[in-house]
Amino acid sequence: MQKPSRRTLLRAPFAVAGAGLLASCSDSGSEPRSGPQHMAGTGAFVPQGPKGYVNPSDPEVLAAERKRGAGPVRMVRFTAAESMLDLGGKSVHSWAYNESVPGPLVRVTAGDVLSLTLANHLAEKTTLHAHGVRLRNDMDGAPDLTQAPIEAGTDFIYRFVAKHPGTYLLHSHVGMQPDRALYAPFIVDDPREPLAYDKEWIVVLDDWVDGIDGSTPDQVIAQLKPGGSMGMGMGMGPGRDSPSPRGSAHAHASASPSKSTSKSTSKSKSTGPDRVLRNSHSAMLHGEGGNVAYPHYLANGRLRTDPSVFRCKPGDRVRIRIINAGSETAFRVALGGHAMTITHTDGYPVKHQRTDALLIGMAERYDVLVTVKDGVFPLVALAEGKPGKALAILRTDKGRNLPAPDVRPAELDRECVPARRLLPADSVAMDDRVPDRDLLIRITGTMQRYNWGFDHKAYDVRQRHAVRAGERVRLTLVNATDMWHPMHLHGHTFSVTGISSAGARKDTTIVLPHRKLVLDFDADNPGLWMLHCHNQYHSESGMMTVLGYKK
């Protein structure tokens with residue numbers, strides 16, 4: 001069996017927009033300009049906060065980037081703008097990159113320099129975050145922390161070395177923008193790829209509300225907060241959530257000018273229907289599945305009534321890269337008639353593990369291998385603990401008949417291997433070094449108050465949890481809430497400890513209700529880095545904080 005060439009991978013079906021973008025990538029050449037341009041290092045942005053910490057463009061950051069080397073420059077251009085999108089027979093008005101959902105596929109080889117120009121044609125500020133990528137701090141896209149947000153009508157050039165191969169995600173990091181169509185898959189190929197497979201299938205999952213019957217994500221978060229439909233006697237029943245004695249902290253902190261949110265968040269009034277989901281439940285998530293009643297779930301930008309189709313031959317070995325780009329939904333994923341072999345999670349290889357299904361939290365990514373049988377097979381992403389699902393099709397024939405939109409493969413109810421049971425490949429396993437520093441952070445908040453935060457405090461850009469370069473840091477997250485949370489650390493990968501001396505390397509992981517999770521990471525990327533819940537409704541309500549490298 002031949003390993004697929006880069007040319008073969010680029011031909012793999014995903015999205016016409018993605019193929020078009022790749023054709024425009026080059027090692028050199030000029031980019032069209034639509035407005036004033038800015039780039040890291042030219043403005044030396046310094047955020048609000050205490051002195052004595054490494055700032056985003058400080059010499060320590062530049063030195064770390066030089067150590068990554070510099071390969072060929074791959075130039076890409078995204079335009080963020082209001083767009084009419086076809087979800088597969090249903091048109092919606094939203095915000096998107098290059099008028100597509102998902103946004104165009106960006107693909108480079110490990111060691112390449114990505115130079116991505118983001119042209120902001122929206123009416124408000126935006127940024128772009130390369131989720132999961134260990135990159136230079138001033139290219140991280142955290143508004144008001146690592147850069148000033150990109151003003152309407154201007155451009156910003158994100159330029160960084162993509163050192164480590166893997167499956168990643170590009171998305172806006174301002175307000176509720178990620179719950180529109182401001183996201184795109186990002187693949188960093190391994191020039192010495194150890195896996196052998198015939199074809200690759202990229203599957204991007206999403207939960208969708210924007211533009212449906214007048215709804216917007218900003219209106220939905222307003223419904224969830226006190227004074228919205230959740231706070232008007234229509235919320236959780238008695239005993240489901242108990243107010244924190246310090247629950248008023250969010251009301252004070254959210255008024256701080258240092259918290260970067262979409263302008264429309266605080267001004268929006270609901271014109272769409274009530275989108276609050278009540279009494280959801282998931283045994284896998286040990287409680288509620290979520291609190292947003294999404295009307296649709298998408299696979300590669302399409303509804304399950306008109307799914308995308310991936311074609312291959314019987315016997316083909318297919319690598320499936322699965323990305324959860326959703327904002328408030330975990331997906332339980334299975335391919336009908338097939339077992340899957342997990343090879344990577346969050347871009348890093350694991351010791352191969354067979355499973356029938358996967359549970360994928362927001363912004364998590366999994367790579368799996370399947371050997372394809374002959375026929376037509378549904379890839380179903382069940383919205384965990386919620387009604388609804390996304391659907392894509394794998395087929396080996398040329399027919400047109402498709403599985404029913406409500407198909408439910410038996411594999412969904414069979415073995416589902418969780419991330420905590422995965423072991424890292426030897427090439428990426430962390431050693432058993434004793435931690436130099438321990439950090440303990442409590443996850444706090446309730447549904448009644450919708451006052452999500454850490455240690456009963458809402459996000460403030462001036463917050464710092466101190467670390468020093470060269471340390472092995474042990475981060476203990478204690479979930480003191482009734483909800484599950486997908487926690488993400490920018491700029492680093494961590495090892496999930498507790499099952500073995502070295503757990504799988506990840507950058508995003510689920511913390512179950514009233515449980516704790518212990519994560520080890522090496523402080524090897526200086527700067528100011530966000531730690532936050534990747535439930536977009538939780539993070540924008542205050543569940544974010546900052547890890548800062550001391551000078």
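Where is glutamate 99 found?

**Entry 1: the loop between β3 and β4**

I began here and kept in mind that the model is predicted. Glutamate 99 is found in the loop between β3 and β4. I looked up its backbone angle: phi is near 55 degrees, a positive value in a residue that is not glycine. Then I looked up its cover. Glutamate 99 is exposed, because its relative accessible area is 62% and the cut-off for exposed is over 50%.

Proline 102 also has its place in the loop between β3 (91-97) and β4. I checked the peptide bond that leads from valine 101 to proline 102 and found it cis, with omega near -10 degrees.

I looked up asparagine 300, which is not a glycine but has a positive phi of about 55 degrees. Asparagine 300 sits in the loop between β11 (296-299) and β12 (309-311). Is asparagine 300 buried or exposed? Asparagine 300 counts as buried, since its relative accessibility is 8% and buried means under 20%.

**Entry 2: the whole chain**

I stepped back to the totals. The chain has 551 residues, and 62% of them count as buried. I noted seven helices and 31 strands. The chain exposes about 20100 Å², and carbon and sulfur atoms supply 51% of that area. I also looked up how far apart in sequence the contacting residues are. Among contacts with a separation of 6 or more, 79% are between residues 24 or more positions apart.

**Entry 3: strand β5**

I picked strand β5, residues 113-120, and looked up its cover. Eight of its eight residues are buried. In a regular strand the side chains alternate between the two faces of the sheet. I listed the two sets for β5. Val113, Ser115, Thr117 and Ala119 point one way, while Leu114, Leu116, Leu118 and Asn120 point the other way, and all are buried.

Which strands pair with β5? On one count, strand β2 (residues 73-86) runs parallel to β5 and is joined to it by eight bridges. The bridge partner of phenylalanine 78 in β5 is leucine 118. On another count, strand β7 (residues 155-161) pairs with β5 in the antiparallel sense over seven bridges. Here leucine 114 stands opposite phenylalanine 160 in β7.

Serine 115 is buried because its relative accessible area is 4%, below the 20% cut-off. I also looked up a distance across the chain. Serine 115 and valine 76 are 39 residues apart along the chain, and their C-alpha atoms are separated by 6.2 Å.

**Entry 4: aspartate 112**

I moved to aspartate 112, which has its place in the loop between β4 (106-109) and β5. Aspartate 112 is buried, as its relative accessible area is 3% and the limit is under 20%. What does the side chain of aspartate 112 join in a polar contact? The partner is the side chain of arginine 74, at 3.0 Å. I then set aside the neighbours within four places in sequence and listed the contacts of aspartate 112. They are Gly71, Pro72, Arg74, Phe160, Val161 and Ala162.

**Entry 5: helix α4**

I looked up helix α4, residues 217-224, and found it mostly covered, with seven of its eight residues buried. The buried ones are Pro217, Asp218, Gln219, Val220, Ile221, Gln223 and Leu224.

**Entry 6: an open sheet**

I traced an open sheet of six strands with mixed pairing, in the order β22-β21-β24-β29-β26-β27. The edges are β22 (453-454) and β27 (505-506), each with a single partner strand, so one side of each has no neighbour in the sheet. Arginine 474 has aspartate 520 as its bridge partner in β29.

**Entry 7: cavities**

How many cavities of 30 Å³ or more does the structure hold? I found four. The largest cavity has about 80 Å³ of space. I looked up the lining of the largest cavity, which includes Leu169, His171, Pro178, Leu182 and Tyr183. Also among the lining residues are Asn324, Ala325, Gly326, Ser327, Ala363, His534 and Gln536.

Conventions: Residues numbered from 1 in each chain as written. Predicted model: local features only at pLDDT ≥ 70, side-chain atom pairs only at ≥ 80, totals over all residues. Heavy atoms only, no water. Helix = DSSP H or I, 4+ residues; strand = E, 2+ residues; numbered from the N terminus. Buried < 20%, exposed > 50% of the residue type's maximum accessible area, 1.4 Å probe, protein only. Contact = heavy atoms within 4.5 Å. Areas by Shrake-Rupley, 256 points an atom, 1.4 Å probe, with all protein chains shown as cover. Pairing = 2+ DSSP bridges. Polar contact = N/O pair within 3.5 Å; in protein donor to acceptor, adjacent residues only side chain to side chain. 1 Å grid on protein atoms, 1.4 Å probe; cavity = no way out; pocket = protein on both sides within 12 Å on 5 of 7 lines; lining within 4 Å. Points joined across faces, edges and corners; volume = space filled by probe spheres on them.
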